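Here are my notes on the model, written as numbered points.

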Amino acid sequence: MSYRPGQMGIAEGTALAFILTFPRVFLTTPVSHLDNSATLGWLSPLLAGITALGIFLLLHQATSGFSGDIINISQQLLGKPASWLIVFYGIFLFMSNVVLLLRQFAENTLLTALPSVEFAIVTLLYAAIAAISAYLGIEVIARASYLILPLIIVAILLVLLLLYPYYQFYNLLPWQGNGISKTISAGFGSAGLEFALFGLLVLRPAFQNNRTVRTSAVYGLGASTVIVSISILVFIMVFGVAVGREKVLPFFEMSRLVYLSRYLQRIEALFIIIWVVAGILGISANLYLTAYLFSRLFKLPSLRPIIPLLAITAVELAMIPSDVASVIELDRYMVTTYYRWGIYIIPAILITTAWFKKKKKVDACR
């Protein structure tokens, strides 16, 4: 299989953008928004999504006149040595995301559904299924994401609606949280959570045209951002900030409260399946992007042989932290440092360079 797959449309691109940016809502990430912004925590992911989308669209527009994927573009703009550094950094970002998602989803599966199973077995199962999905190709991942996308959205919105009897609107007071300026700063700082969206630019040749990439990013990240923001808003209304900060799995805790009837209870078991599938697809997409960049960097004819190696490496790295608290702290550190650099600094360099290149062309034509 070549690492240049076929032509994907808006449906596949939207699903891919969604699955790359959404799965963390099932983890502890929403709690970090409460830590930063308190009752205004719902606004933080909204600002992060808008910021990430704005940077993405600027970079997409700036590089639209150049051919190839982001690797070809960075070579045309910065030369080979600088482009290699960017590719290495991209490999580090996507691979670290694979490791962090793998460890957290495996840990959460043990906590909620399989407490008596060995941690290593669950981790290996996640990695094996993700590796098989990545081995089949990005089109398979995108189309599988497209099939499950309506189910994820409907299930989450249904839970949020069924929690209406638990809404306590006074939990949203004071409405300014820890301060509007602090919330804005936290929103811009957490934009690094959406860095995986730039995977669409990495895979740009796989899409029908540039318009498809742009539309997919808008729809995919837009839906992801809005649903995450609404979920955190409902979470605050149901649990409040003080209690909410103590919850390790916010969405699971919300689904546990849903009561339909005396004959239909414990529906959170159904949502465990949904977040397991979403987690596997998110890990698969990040794993494929890692293999793609690795293959492009070393000019390999196919990326399939290295996918099992990357999956095994991810499993080994995921088992290094001693407990889930260490993983959560590491995840937050990655978001506030390396992921933030990846979404601000590298795009800024590419946008500025592309602008100067285009300006020189215009001046030369005059």
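**Notes on pockets, cavities and packing**

1. The lining of the largest pocket has four nonpolar, nine polar and four charged residues (nonpolar: Ala, Val, Leu, Ile, Met, Phe, Trp, Tyr, Cys and Pro; charged: Asp, Glu, Lys and Arg; polar: the others, Gly among them). The volume of this largest pocket is about 260 Å³. Its lining numbers 17 residues, and S32, N36, R332, V335 and T336 are the closest to the centre. Two or more lining residues come from each of α2 (29–37), α8 (180–189) and α14, and α14 gives the largest share, six residues.

2. On basis: this is a predicted model, in which local features need pLDDT of at least 70 and side-chain atom pairs count only at pLDDT 80 or more, while totals for chains, interfaces and linings use all residues. Residues are numbered from 1 along each chain as its sequence is written, and side-chain values use heavy atoms, with hydrogens and water left out.

3. On terms: pockets and cavities are found on a 1 Å grid over the protein atoms alone; in a cavity a 1.4 Å probe fits but cannot get out, whereas a pocket is an open set with protein on both sides within 12 Å along at least five of seven lines, and lining residues have an atom within 4 Å of a point. A volume is the space filled by probe spheres set on the points, which are joined across faces, edges and corners. Helices are DSSP runs (H or I, at least four residues), numbered from the N terminus.

4. The second largest pocket has a volume of about 160 Å³. Its lining includes S96, V99, L100 and R103, together with L317, A318, I320 and P321. The elements with two or more residues in this lining are α5, α13 (306–318) and α14, and the largest share, four residues, belongs to α5. By class, the lining of the second largest pocket has nine nonpolar, one polar and one charged.

5. How many cavities of 30 Å³ or more does a search of the whole structure find? The search finds four. The largest cavity has a volume of about 260 Å³ and is lined by 18 residues, with I70, I86, F198, V202 and I346 nearest its centre. At least two lining residues come from each of α4 (70–78), α5, α9 (199–202) and α14; α5 supplies the largest share, six residues. The lining of the largest cavity divides into 16 nonpolar, two polar and no charged residues.

6. The second largest cavity holds about 150 Å³ of space. Of its 14 lining residues, T21, H33, L193, E194 and V228 are closest to the centre. Here α2, α3 (43–62) and α10 (210–244) give two or more residues each. The lining of the second largest cavity is made up of seven nonpolar, five polar and two charged residues.

7. Helix α5 (residues 80–112) packs on helix α12 (residues 268–297) at an angle of about 160 degrees, with the axes 9 Å apart (axes are lines fitted to C-alpha atoms over the stretch in contact; angles run from 0 to 180 degrees between N-to-C directions). The pair is therefore roughly antiparallel, a term for angles over 145 degrees. Their contact involves 19 nonpolar, nine polar and no charged residues.

8. I349 lies in helix α14 (residues 324–365). I349 and A311 are 38 residues apart in sequence and 31 Å apart in space, C-alpha to C-alpha.

Technical notes: Angles under 35 degrees count as roughly parallel, over 145 as roughly antiparallel, 65 to 115 as roughly perpendicular and the rest as oblique.
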